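Look at the sequence and the model, then read on.

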Amino acid sequence: MPQPDRPVRQRPSAIPGPLETASLFWRWLRRMRTALYLLGGLGAATLLATVVPQEPNVPETVENWLEGTEGPGPTISRFLETVGAFDVYGSPWFTAIVVLLFTSLTACLIPRIRAFVRTWRYGQPPRARSFSAKPKRAYLTTSQDPDEARAAAREVLSGRRFRLRREEDAAEESTPMRADARGVVVPAPADAGDTTDGAGGGDQGVGAVGRSGAGVGARRPQVAAEKGHLLREGGSLAFHLAFYVILIGVVLGQLLVFRGQIGVVEGESFADTPVSYWANASGRWWQEEWHRDWVLTLDSFEVEWTETGMPVSFISHVTVEFPDGRPERVADLRVNDPLVVDDMKIHQLDWGWAVRMVVTEDDEVVYDRHVVLTANDDGYWEGAVKAPAADPQLGLDLVFFATAPDDEDGRPVPTVWPAPDAPLLLFHAYEGDLDMDRVQGVNDLETAGMERLTTTGLRPGFEVEVRPGTTVSFSELSRWSGFQVSQRPTDPVLLVGSVLIIAALFPALYAYRRRVWVEAERDPATGVTRVTLAGHAFQRPQAFDGEFDAIVAALSERLAAEPSPDPDVPADRPEVVQR
Amino acid sequence: MTDPQLAELSRTLFWPWTFLLYAGGMAAYFYRMAFTQVARDPGDRSLMGTWVGRLGTVLIAAGLATHLGSLVTRAVAAGGREPWGNMYEYSSVLGFGVVVMALLLVQWRMRRPELVGFLLLGALVMMGSAIVLYTPAGPLMPALQTHWMKIHVSTMAISSMIFIVAFVFTGLYLIRDLAESRLARLQDARQSGSTVGAAYAPPGTVTEESGDAVVADREDELPERDGTAADAPPPGDLSDDPRAYGKALRQAVNPIPVALSAAAIALAFSFLFRSATASIVAPLVVGGGVFLAWALLPSLPSAATLDSLAYRTIAFAFPILTFGVITGAIWAEQSWGRYWGWDPKETGAFLTWIAYAGYLHARATRGLRGRGAAGIGILAFLILMFTYFAVNLWITGLHSYAGSGADASNPPFVGIGGALLLYAIVKVVSRRSGGDRVLPAD
């Protein structure tokens, strides 16, 4: 829910023209709050997609919701369908959120990148107007003269990779560095566009000593140094820019992807051709001629179970042959261990039982095929036999139990035990019109135009006569393995983006911007030089505490200096002596 | 010993032994705190310098030992695999991590023993969910048998346990900040109108840890907090007497509505367990925790300290979460042939990531830092818990194997939970639109 635009509120009477509207919109997009709303919108959309079933993933559940057999009822479901809630990620409004989010990101990043480059090239740490306002201070006395003290400070700081303010700038009050005026006391907020007003730059190693302040005010020579800003801001920018890399990877991936699913029965093969997949989805830019035409044979499929019936391993032993005469490859395919063939990845995704069914009519084989069975939610397997060559046409509705041992009376008792200890195939046999002209699922038997002959059961190797002259035999039990074949050439792009995200997060979160100022002045009364240090960390002050102390110690050592109390503070409040 | 015996030993070590040792340690910490009416300086170890405090530490250390024993025996009993293969084990590991951090980081390194009791409470709630979700020991299913399981799940577990710690800090911050700002307002009202602003930080004052400058929006409701005085009470009438300041903090807040609303959120959430015990215990514990935090307000660190602790904790966990999400995507690519499929668990991880990213951004946004950001931090943690419990227990997806077999679908409770989440979002959003920015009456 976006806030009313502040600029509009400022000029309530004016009706903005189209250009103004565009500029207001752009300014609205640049606000961090807008970005947060859009992120929230994206979150809400994905939350919706978690709670509401998504058509591309679970079409059956969506159908049940629309029919009212599941979910909140048909009325609400129809409303959900109208607003695209069943396919959130394919809906126009989801795309709109993503586009707006990236536009907002761009709008935020452009001024930040420009400021970053400006700071990188020309930026100068600002002078401190008042040391007493700084959270960290230290005072030293030394016998060396002030110029030497400042030179030593510059060396200590540049040795610690601080960026130093150019020494001649100390006298050039007119240099238009806004940060001189305001960046000192009030640090720029992290909002876009405000962060980098000339702060943080400075060429290292230039000159040593400042001049006394002619010009506006009494400008004492001062060493000003800054560290951490470019790293932190650069990390933050790189982190955000990484999302463009991810976006490019995702969009290109969508266009170039190929994904196909295929189930192969033990001993059988399939070729990587456009027509051989059970189901496939490819991106707009995927070309059919990119198929490689290799042939994969499933030599055998292994599955093991624990004593409690939990599967512990699935292994597909496969052989891949190539049409161009390369030597064949023999490999084992496991879950989590895909096989890469010519840049295509083959994943072990699914498995099931396959029964070889033979239908004989008057000693003539009219059907001999492996029927691929699919798992049912209730722990048994389903499939269908369609024998249009039989006369009249014959259909079998199959139900398979891996374990159905006989009880004392010799009757089989079906169980959900997954291992094939006592396989049993039950089926209804139908005769009539299979209606093969209609498009129907491989395992769905259309029985409307058919008449049921019998219902019976078979163990492997047995046969039964379903009508005079027609026998059905369950000749062999084997397994099929389900593979996903995919090619997505853009995955390395995503990997690069991910690595960039992680790598950039560390400086963006943990690098901290801090400034140190040093002044040195000879005390006319005693002749000793008083060196004053001040420090300020914009983030992580504790980490800066130790660093500041180390800088003070290093400078103190170089100047053979003594610590001295804060002249501005009464002696009974020694709080300026830093820990 | 055979595996079933080992598994049984592991279970006994977990409940009752570890549980009771932690609970005893927690009670000792709270008991000791109840007699410390003053916020301590960081580094002051007096809280532990008594026999009750030491007893608490010993109990917790003993609990850690039995907990470690429980995890190791469980790993052996399950066939020598890593002990985070289902929700029972994962919750147990989370509790273990929180207690380790409480003892090693918070007490010994940061010297904040006054926070340990509350962290233990968080760990105990998480471990309570483990008791409810107990699953017998067994090997992993094939999809989980990979090195990515070790990398991805352990990364997610580490980030989650740090987020639990951050959530405790955030919750304590909200209560303490509520008390501090109300007290400041009360003091203002008592003083004459002309001194408004006298007690507040000048522009540019740097808060202790976050280091971000106190921005203008907050000046009207916050007492002074600068680097050196972060743990000291704000200046004013009460600053000379910390004991009176602590008492005044307590009087400034009415604990009942605060505890009740926290308990209501916990109640809505506990429905996801589909367990009557959980629905009774969770709100009681959360409401009780809030009540305890109120009672121990005087000995809590200042709101500024708690806020920056929470921020630093979340900033620490966020890259770990990011890494976890990325390894999850890589694993998904290995296992299912696609790096991202908007599976409910993936969506939940994405939501959690967005919410914590939102928190980090809110901290850098004028008008949202402080309580607004903390609200987002709480919301982010609720999403994390939603992703963990709800997605596993009642949303069927590819990650369903992580569940404990509890059956799914609980629409009315989903509605309640959703409504509460929505309420929290609206609350956070409306707060920053200025509703809470009460200026002192003039």
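Leaving aside neighbours within four places in sequence, which residues is Gly341(B) in contact with? They are Asn57(A) and Glu346(B). Gly341(B) sits in the loop between helix 10 (303-336) and helix 11 (344-363) of chain B. Its C-alpha atom is 9.2 Å from that of Ala329(B), a residue 12 positions away along the chain.

## The model and its two chains

This is a predicted model. For the complex, the predictor gives an ipTM of 0.81 and a pTM of 0.82.

Chain A contains 11 helices and 22 strands. Chain B has 13 helices and zero strands. Along its sequence, chain B reads α-α-α-α-α-α-α-α-α-α-α-α-α.

The table sets out some values for each chain.

| Chain | Residues | Buried | Mean pLDDT | Residues at pLDDT 70 or more |
|---|---|---|---|---|
| Chain A | 579 residues | 47% | 83 | 87% |
| Chain B | 442 residues | 60% | 77 | 73% |

Now take the contacts with a separation of 6 or more. In chain A, residues 24 or more positions apart account for 68% of these contacts. In chain B, residues 24 or more positions apart account for 79% of them.

The pLDDT is below 50 over residues 169-217 of chain A. Beyond near neighbours in sequence, that stretch still has 114 contacts in the model. Residues 573-579 of chain A also have a pLDDT below 50, and this stretch has 10 contacts beyond near neighbours in sequence.

Chain B has such stretches too. Over residues 194-235 of chain B, pLDDT stays under 50. The model has 102 contacts for these residues beyond four places in sequence. Residues 429-442 of chain B are below 50 as well, with 25 contacts beyond near neighbours in sequence.

## A helix pair across the two chains

At what angle do helix 10 (residues 491-510) of chain A and helix 10 of chain B pack? The angle is about 170°, and the axes are 11 Å apart. Angles over 145 degrees count as roughly antiparallel. Helix 10 of chain A is therefore roughly antiparallel to helix 10 of chain B.

Both helices supply a list of contact residues. From helix 10 of chain A come Asp491(A), Leu495(A), Ser498(A), Ile501(A), Ile502(A), Leu505(A), Phe506(A), Leu509(A) and Tyr510(A). From helix 10 of chain B, the contact includes Tyr311(B), Phe316(B), Pro319(B), Phe323(B), Ile330(B) and Glu333(B). By class, the contact residues divide into 15 nonpolar, two polar and two charged.

## A crossing within chain A

Helix 2 (residues 18-30) of chain A meets helix 6 (residues 92-122) of chain A. Their axes come within 8 Å and cross at roughly 85°. Angles of 65 to 115 degrees count as roughly perpendicular. So helix 2 of chain A is roughly perpendicular to helix 6 of chain A.

Helix 2 of chain A brings Phe25(A), Trp26(A), Leu29(A) and Arg30(A) to the contact. Helix 6 of chain A brings Leu100(A), Thr103(A), Ser104(A), Ala107(A), Cys108(A) and Pro111(A). This contact has seven nonpolar, two polar and one charged residues.

Start with His240(A), in helix 9 (residues 229-256) of chain A. Is His240(A) buried or exposed? It is buried, because its relative accessible area is 12% and buried means under 20%. Beyond its neighbours within four places in sequence, His240(A) is in contact with Leu105(A), Leu109(A), Arg112(A) and His361(B).

Next, find Thr142(A) in strand 1 (residues 136-142) of chain A. Its relative accessibility is 3%, so Thr142(A) counts as buried. A polar atom of its side chain lies 3.2 Å from the backbone nitrogen of Gln144(A). Not counting residues up to four places away in sequence, Thr142(A) touches Val528(A), Thr529(A), Val531(A), Leu559(A), Ala560(A) and Ala561(A).

Conventions:
Residues are numbered from 1 along each chain as its sequence is written. Chains are lettered from A and ligands numbered from 1 in the order in which they are written. This is a predicted model: local features need pLDDT of at least 70, side-chain atom pairs count only at pLDDT 80 or more; totals for chains, interfaces and linings use all residues. Side-chain values use heavy atoms; hydrogens and water are left out. Axes are lines fitted to C-alpha atoms, for helices over the stretch in contact, and angles run from 0 to 180 degrees between N-to-C directions. Helices (H or I, at least four residues) and strands (E, at least two) are DSSP runs, numbered from the N terminus. Angles under 35 degrees count as roughly parallel, over 145 as roughly antiparallel, 65 to 115 as roughly perpendicular and the rest as oblique. Contact means heavy atoms within 4.5 Å. Ala, Val, Leu, Ile, Met, Phe, Trp, Tyr, Cys and Pro count as nonpolar, Asp, Glu, Lys and Arg as charged, and the others, Gly among them, as polar. Buried means under 20% relative accessible area, exposed over 50%, partly exposed in between (1.4 Å probe, protein chains only). A polar contact is a pair of N or O atoms within 3.5 Å; within protein, one must be able to donate a hydrogen and the other to accept it, and residues adjacent in sequence count only if both atoms are side-chain atoms. pLDDT is the predictor's confidence in each residue, from 0 to 100.
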